[in-house]
Amino acid sequence: PERIIPLGITSLSDPVAGAEEIRRNAKRGFKSVTIPEQPHTIGFPSCYSDHWEPIIRACAETDTVLSLHVGSSGPSPSPPGAPMIELGATMFQAQAFTSCAQWLWSPWPVKYPDLKITMSEGGIAWVAGLIDRLDNIMTRSGYGQNWPDKKNTPSEVLRRNFWFTMIDDPSTIPTRYAIGVENIMAESDYPHGDGTWPDTQEVLDKIIGPLTVEQQRMLSHANASRSEGRPVGKE
């Protein structure tokens, strides 16, 4: 039972009631809550709206991780006639990139530095590229001039507030230092088609087996435990 970690859902239309539910669940041992990653696409206010402040504040104050699951607001927009399953599955990581960028440029990570956001099932192939782009617009193009945090750059806030999950991303493991080894978590994605079950151990060993023992521990379980405020036990 101690390895079952509750993740909740809450009221979206009434954010005050939603915040109360997050606080109630936090007292019961819930470590996370999930809301649609792009709420504006399904009829709710966007992540830039003050509508979400009670929920965001409750997450930050109770150390509840805000889990944004790719596809939770529907599939990526596709042109007429596109093969929906094939193209939609291909675009998962691009969709995660879009959602992460939207939330990073929302008011919340800067206003609530203790807020923890996990991009679930989005992979990690895009994260280093996002960091490169953020650094570019802050240092060269000038497109980031309205960034509100004068002490921390967008990429620094990304590494502080966001965690990223990998299922089977072997070619992008070398980007772990750009992302931050402490910000990457392995997932099995059971029982979805993308998932590695029942071969999760073998797949994970192939991907992170060549890394140091400490990095293996971080990616396989320690980062997840720390993001949820749980003690990291010894093997």
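Visitor: Let's start with helix 10. Which of its residues are buried?
Guide: In helix 10, the buried ones are Gln215, Arg217, Met218, Leu219, Ala222, Asn223, Ser225 and Ser227. Buried means under 20% relative accessible area, exposed means over 50%, and partly exposed is in between, using a 1.4 Å probe and protein chains only. Helices (H or I, at least four residues) and strands (E, at least two) are DSSP runs, numbered from the N terminus.

Visitor: Before we go on, what kind of model is this?
Guide: It's a predicted model, where local features need pLDDT of at least 70 and side-chain atom pairs count only at pLDDT 80 or more, while totals for chains, interfaces and linings use all residues. Residues are numbered from 1 along each chain as its sequence is written, and side-chain values use heavy atoms, with hydrogens and water left out.

Visitor: OK, back to helix 10. What do those buried residues pack against?
Guide: They pack against strand 3 (65-69), strand 5 (162-166), strand 6 (184-186), helix 8 (176-179) and helix 9 (200-208). Contact here means heavy atoms within 4.5 Å.

Visitor: And where does helix 10 bend?
Guide: At leucine 219, by about 55°. That bend is the angle between axes fitted to the seven residues ending there and the seven starting there.

Visitor: How far apart are its end C-alpha atoms?
Guide: They are 20 Å apart, which agrees with the 21 Å that the 15 residues of helix 10 (213-227) should span at 1.5 Å a residue. The expected span is 1.5 Å times one less than the number of residues. After helix 10 comes glycine 229, with a positive phi near 70°.

Visitor: Switching to strand 3. Is it enclosed or open, and why?
Guide: Four of its five residues are buried, so strand 3 is largely enclosed by the rest of the structure. The chain gets there from strand 2 (residues 32-34) through helix 2 (residues 53-62), in a right-handed β-α-β crossover. Right-handed means that, with the strands pointing away from the viewer, the path from the first strand over the helix to the second runs clockwise.

Visitor: Which strands does it pair with?
Guide: Strand 2 pairs with strand 3 in the parallel sense over three bridges. Strand 4 (residues 117-120) also runs parallel to strand 3, joined by four bridges. Two strands pair if DSSP finds at least two bridges between them.

Visitor: What stands opposite serine 67?
Guide: In strand 4, threonine 118 does. Serine 67 is also the bridge partner of threonine 34.

Visitor: Now glutamate 121. Where is it?
Guide: Glutamate 121 sits in the loop between strand 4 and helix 6 (127-141). At 5% relative accessibility, it counts as buried. Its phi is positive, near 60°, in a residue other than glycine.

Visitor: What does its side chain make a polar contact with?
Guide: With the side chain of histidine 69, at 2.7 Å. A polar contact is a pair of N or O atoms within 3.5 Å; within protein, one must be able to donate a hydrogen and the other to accept it, and residues adjacent in sequence count only if both atoms are side-chain atoms. Not counting residues up to four places away in sequence, glutamate 121 touches His69, Val70, Phe92, Thr165, Ile167, Glu187, Asp189, His192 and Asp194.

Visitor: Where are the cis peptide bonds?
Guide: One runs from tyrosine 190 to proline 191, with omega near 5°. Another joins tryptophan 197 and proline 198, with omega about 10°. Proline 191 is in the loop between strand 6 and helix 9, and proline 198 is found in the loop between strand 6 and helix 9 too.

Visitor: Last one: threonine 10, buried or exposed?
Guide: Threonine 10 counts as buried, at 13% relative accessibility. It's in the loop between strand 1 (7-8) and helix 1 (15-27). A polar atom of its side chain lies 2.8 Å from the backbone oxygen of glycine 18.
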